[in-house]
Amino acid sequence: MSGLLSAIGALWAWVQYTFDPFCGPAGLFTLFGSTLASCGPEGWGDEIAFGVKVTVTLSLATLPVGLLMGFMIALAMQSQDKILRLAGGIYTTIFRGLPELLTLFIVYYGLQMAIQAVLNAFGYDERVEINAFASGMIALSVVFSSYCSEVLLSAFRAIPQGQYEAGDALGLHRGRTMRLVILPQLIRIALPGLGNLWMNLLKDTALVSVIGLTDILRQTGVAAKVSKEAFFFYVLACGLYLGLAVLSSGGLSLIDRWSRRAEARR
């Protein structure tokens, strides 16, 4: 059994190395050869590749949380309940008005202090530290959801009320009407705005470097300070962010085509 597990581990390591888009045999940083951006002990490729993975992981982790929060806030803002509408309006006003960096500091330092105070009240005096990745995800999710809710609210308002009434006439529960009738239209209408928000989210991940998370900007910044080649590494960071933006644009185009497939058939 141990031999089988070792073989599986070796195979997985080979697969990871072979298909690594950065430091694999045909990876981006491997193509640089023996330069400052190459992989291995002579370059910074491994560290920067790790930073790219952190940036992408943080963005992908933030997206569903922000979308769900934004969807719930949009529902609240078009609710018949005045309190829900007021709460949704206050939320979006606050987090669209605050700078993203300030929101990040409030979450990273303020939440840590709040948790520490609560624990101290129960007699727990050990120091509490909040994970930088979790703090970054929470802060970016809050900011993303505040903008996302406005995009989704506009999309909701673009869907005629008759769509809901038609669902009621067919005997559909409001939940099924939302899932089968409203959401497909909502995705198609809101997609351009959500695509812009995704691009902003990719750029905003650079803010987490100030709280010590090893993203693209922090890794290239460290490399620039140590090697004294600031221009080279910051241009490399620009190229990586632009590459992610191009890939995102291609993915968004595919999603847009998928959302409009019913129109194409007609």
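**View 1. The structure's one salt bridge.** A salt bridge here means a side-chain nitrogen of Lys or Arg within 4 Å of a carboxyl oxygen of Asp or Glu. Side chains of opposite charge can pair when their charged atoms come close. The partners are Arg96 and Glu150, whose closest N and O atoms are 3.7 Å apart. Arg96 sits in helix H3 and Glu150 in helix H5, so this pair ties together parts that are 54 residues apart in sequence. Helices are DSSP runs of H or I with at least four residues, numbered from the N terminus. A quick note before moving on: this is a predicted model, where local features need pLDDT of at least 70 and side-chain atom pairs count only at pLDDT 80 or more, while totals for chains, interfaces and linings use all residues. Residues are numbered from 1 along each chain as its sequence is written, and side-chain values use heavy atoms, leaving out hydrogens and water.

**View 2. Where H3 meets H5.** H3 covers residues 82-97 and H5 covers residues 132-158; they pack at an angle of about 125°, with axes 9 Å apart. Axes are lines fitted to C-alpha atoms, for helices over the stretch in contact, and angles run from 0 to 180 degrees between N-to-C directions. H3 and H5 are therefore oblique to each other, a label for what is left once angles under 35 degrees (roughly parallel), over 145 (roughly antiparallel) and 65 to 115 (roughly perpendicular) are taken out. On the H3 side, the contact (heavy atoms within 4.5 Å) is made by Tyr91, Thr92, Phe95 and Arg96. H5 brings Val142, Ser145, Ser146, Tyr147, Ser149 and Glu150. Sorted by class, these residues are four nonpolar, four polar and two charged. Nonpolar covers Ala, Val, Leu, Ile, Met, Phe, Trp, Tyr, Cys and Pro; charged covers Asp, Glu, Lys and Arg; the others, Gly among them, are polar.

**View 3. H5 again, now with H7.** Helix H7 spans residues 174-204 and packs with H5 at an angle of about 140°, their axes 9 Å apart. H5 and H7 are therefore oblique to each other. Among the residues in contact are Phe144, Cys148 and Leu152 of H5, along with Ile182, Leu186 and Trp198 of H7. By class, this contact has 18 nonpolar, one polar and one charged residues.

View 4. Residues 57-77 are 100% helix, with end C-alpha atoms 30 Å apart. For residues 131-159, the span is 93% helix and the end C-alpha atoms lie 41 Å apart.

Technical notes
Helix = DSSP H or I, 4+ residues; strand = E, 2+ residues; numbered from the N terminus.
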